[in-house]
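Please look at the structure below, and keep it in view while reading the paragraphs that follow. They go through side-chain contacts and then through the packing of helices.

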Amino acid sequence: MKTIFHKFAFIYILIFLISFILIIIGVRTVLDIYFVSHETELILKRVSSYEELVNSKYVNSISLNVLQEQVMLLDGYTGANIWLFTEDGKLYSTELDRADMDLSAFPDLPNEIQKVFAGERTSKEVQYKDLYKERMLRVGYPFTVGKDTYAMFINVPMPEIEDTISKVSVIIFVSLSLSGVLAVILIFLITRRMGYEINVINDSARYIAEGNFEKKIIINRKDELGELAESFNVMADELNRQENTKRMFISSLSHDLRTPLTTIKGYTQGILDGTIEGDKQDRYLKIVLNESDRLIKMINDLLDLSKMESGALVLNKTDFDINELILNVLDNFEQKIVEKSIKLTIDLAKDKVLAHGDYTAIHRVVYNLLDNATKFVEPEGSISIRTELRADKLYVGISNTGKVLSPKELEMIWDRFTKLDKSRGLEKKSSGLGLSIVKEIIKAHHEKIDVFSNDDIGVAFIFTLSTQIFKS
């Protein structure tokens, strides 16, 4: 199996080799240009200085023989082979007598001679066939003495320059090689640790896949791998919480299903075997009917919630009066409000507000929130209903006094698996899925719903709707 180290090492070595080749080529090119330019500048400086020295001794003119002697001195000063061309094409060389040298063997030389006589300074790397074995640096200089000008060419062997470049290249090669070895060692150490930590995460993932959510990953890192481990631990905690609440939900739901089924079976059996007298049968049949309705509602709520969470809920959006909808829903809770002596406060927006949404779905939202409020408000407590316009949104708030919920309970209040938790009250007559259904309906409308709880308001639900406003 290819490990991360193998992959990192292969990629690094490949990058290193490509970079090494490019660096060596680049460095040699730059050094070649630099040293050739530097050597050319040095030669021109020396020749120019010698030109001034000769002119100070020979003010008007100088004979060719005397000039040849001076050039011999310059040869010793520069350590180069010097060619001196006169305007009539004669050549003097400090190395050999090349007066009969065939210039046609050097096709580029006549053109350079013309440039030098025109006052230009030239520099060029050349290879003389059958003349010098090594490459040469040829520098052209218009050497003027008095009124006479000569084309002087100073030929400097390149091996010295190439030797310097080679030495520098060796130093670079050794430095890159050492850094490459060091980098491979560091990659090995880093990736080995990283591989160990990734294996820890893999083992934890397999452990969780078996249904064990208590496994924690301990990785003391501040990078992406550390964030992954932290996210993994959060995921494990959430899965563990959901698994626990799911077990609680199944246990509680099983009890809720068993109770009405036991009641239905017991009363039905009593009617069939004559245990329940005929004049009491109608009363117990009504109980059986009520328990059957309760079971049907619970099952329908589960099916509806499943449909909503899967995205299969189809909304039929229209414009409707939200204030009128709230008042209509309130009629269903009149008896409960009276029985518990609840103080009801209604503060609806004065403008006629048409909410845009699915009427039936929003009706269910308001119904479930009011059902929740009347269920958990304490006797002689208060329920407040309020609608308010803010910009292009309608805010609907329903609150009830009573037990204050903790932040943790507020986070769990929407969870379908915590519907029978004690933080939701002891009421057992409903399916317990009302708030989960409320959240999914609001979500399907692309709106927001929030819940707040403190000593002043008790518990308050606020959701938004898109609106159309008509001034009254």
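Is Glu388 buried, partly exposed or exposed? With a relative accessible area of 25%, Glu388 is partly exposed, where buried means under 20% relative accessible area, exposed means over 50% and partly exposed lies in between, computed with a 1.4 Å probe and protein chains only. The model is a predicted one, in which local features need pLDDT of at least 70 and side-chain atom pairs count only at pLDDT 80 or more, while totals for chains, interfaces and linings use all residues. Residues are numbered from 1 along each chain as its sequence is written, and side-chain values use heavy atoms, with hydrogens and water left out.

Glu388 meets Arg390 in a salt bridge at 3.5 Å, N to O, a salt bridge being a side-chain nitrogen of Lys or Arg within 4 Å of a carboxyl oxygen of Asp or Glu. Arg390, which is partly exposed at a relative accessible area of 44%, also lies over the face of Tyr395, at 4.4 Å from the ring centre. A charge is said to sit over a ring if NZ of Lys or CZ of Arg is within 6 Å of the ring centre and within 35 degrees of the ring normal. Arg283 likewise lies over the face of Tyr284, at 4.9 Å from the ring centre.

The count of salt bridges comes to eleven. One of them joins the side chains of Lys124 and Asp108 at 2.8 Å, N to O. Because Lys124 lies in strand E3 (residues 122–126) and Asp108 in the loop between strand E2 (91–93) and helix H3 (109–117), this pair ties together parts that are 16 residues apart in sequence; helices (H or I, at least four residues) and strands (E, at least two) are DSSP runs, numbered from the N terminus. Asp108 also meets Arg138 in a salt bridge, at 3.0 Å, N to O. Since Arg138 lies in strand E4 (residues 136–145), that pair ties together parts 30 residues apart in sequence. Arg138 is buried, with a relative accessible area of 1%, whereas Lys124 is partly exposed at 35% and Asp108 is partly exposed at 24%. Together with Glu112, the residues Asp108, Lys124 and Arg138 are linked in a network of salt bridges.

Next come the aromatic rings. A search of the whole structure finds five aromatic pairs, where rings of Phe, Tyr and Trp (its six-membered ring) pair if their centres lie within 6.5 Å, and planes under 30 degrees apart count as stacked, over 60 as edge-to-face and the rest as tilted. The rings of Phe85 and Phe153 have centres 5.9 Å apart and planes at 85°, so this pair is edge-to-face. The pair links distant parts of the chain, with Phe85 in strand E1 (residues 81–85) and Phe153 in strand E5 (residues 148–157), 68 residues apart, and both Phe85 and Phe153 are buried. In another pair, the ring centres of Phe333 and Tyr367 are 4.9 Å apart and the planes stand at 45°, so the pair is tilted. Phe333 lies in the loop between helix H7 (322–330) and helix H8 (334–339), and Tyr367 in helix H9 (residues 359–376), 34 residues apart. Phe333 counts as buried at 2% relative accessibility, while Tyr367 is partly exposed at 31%.

Helices H7 and H9 pack at an angle of about 50°, with their axes 10 Å apart; axes are lines fitted to C-alpha atoms, for helices over the stretch in contact, and angles run from 0 to 180 degrees between N-to-C directions. H7 and H9 are therefore oblique to each other, since angles under 35 degrees count as roughly parallel, over 145 as roughly antiparallel, 65 to 115 as roughly perpendicular and the rest as oblique.
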